[in-house]
Amino acid sequence: MCSANASTPRRWDGTPARLPRSRSLRVAPDSPTRLVRSALPGRCTDCGNRVDWHPRTDTDDRAVGLHPQELPAAAVPAVSRWHVSSGIAHPAHDGTPWCRIPHTALCPARSAPASLTPQLTALRRHLALHTRRLINSGALTTPAAPAPERTEPCRPARPIAHLLSVRYIADHPIDAIQCVAQTRQRHRCARPVLDVQAPRGTWALLPTTVPSHRATALSVDRMAVYDLTHLPYTEQLRWRHQHCPDHATSSAADLALTEWEPFNPQLHHQHIHPRLPYSARKQHHGT
């Protein structure tokens, strides 16, 4: 008994020092989504500081990037207060003395809001110092301004895709859309959705409006659309779920939200391109 007690690690007051058993997040079998509702840690591409990405409950379907630490609610303007419940971000205050704030309100690479309190100003200065250290060490490079001649819509930055009888707009070019599934190392899959071994969509000039939409007055009547409707249903579903071929039939959880957004001609008119991408035009002329 004495030897057993001696081998048991104890704290300074004699209580057993038991480490809590770590638990991994799992998706319930009856869950309507495969997304693990935990903050997706990341880094701001502009300043290099840490950002926690959460799904949100307002009208915007995209995740919101919040500062990773809670702040006193009295130091944050009412319009910038958020709270997180069960991994979901809510754009309101829950009545507690603490709240969360979007990273965009503190990002030193952006213009400072006029409603910044002294405490937030000090926090913004701290983040700016961290950004300067990253730049000096070479860990962060400031993005160069794009050349004017590269703004030609030969590779749409936010392409419009047609799949499952619905038109969506993406946040990245077609070949840069990344799989959202979780790997065995609990990282986001780095493979793109577009795969050389899988059937591909085709670029086509389609009407800017569809019969289900109300007629709108647009400057162009046809636009470049990445058409996937001729692919099998399972392949279109893979694109909609934003999975690479390896994770199309996998039970792995999703580590990020899909980046598809329903296309609206009035809201996304600046992303309408009346010409096909360069590669698609070249193939068209070659045939």
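The model is a predicted one. The cut-off I applied to a pair of cysteine sulfur atoms is 2.5 Å. By this rule I count zero disulfides. For my own reference, a disulfide is a covalent bond between the sulfur atoms of two cysteines.

I then checked how covered the cysteines are. Cysteine 179 has 0% relative accessibility and counts as buried. Cysteine 99 is buried too, with a relative accessible area of 1%. I worked with a limit of under 20% for buried.

Next I noted the totals for the chain. I find four helices and twelve strands. The chain has 287 residues, and 34% of them count as buried. Among contacts with a separation of 6 or more, 59% come from residues 24 or more positions apart.

I went on to helix 3, residues 233–241. Which residues of helix 3 are buried? I list Glu235, Gln236, Arg238 and Trp239. Viewed down the helix axis, these buried residues fall within an arc of 155°, so they line one face of helix 3. As background, an α-helix has 3.6 residues a turn, so residues three or four places apart point the same way. On the other side of helix 3 I find Tyr233 and Thr234, both exposed.

What do the buried residues of helix 3 pack against? I find strand 8 (160–163) and strand 11 (222–227) as their partners. I also looked at what comes after helix 3: glutamine 242 follows, and its phi is positive, near 60°.

Three strands form it in the order 1-2-3, with antiparallel pairing. Strand 1 (40–43) and strand 3 (64–66) are at the edges; each has a single partner strand, so one side of each has no neighbour in the sheet.

I took a closer look at the pairing of strand 1 with strand 2. Strand 2 covers residues 50–54, and four bridges join the two strands in the antiparallel sense. Which residue of strand 2 stands opposite arginine 43? I find arginine 50 there.

Methods:
Residues numbered from 1 in each chain as written. Predicted model: local features only at pLDDT ≥ 70, side-chain atom pairs only at ≥ 80, totals over all residues. Heavy atoms only, no water. Buried < 20%, exposed > 50% of the residue type's maximum accessible area, 1.4 Å probe, protein only. Contact = heavy atoms within 4.5 Å. Arc of directions from axis to C-beta. Pairing = 2+ DSSP bridges.
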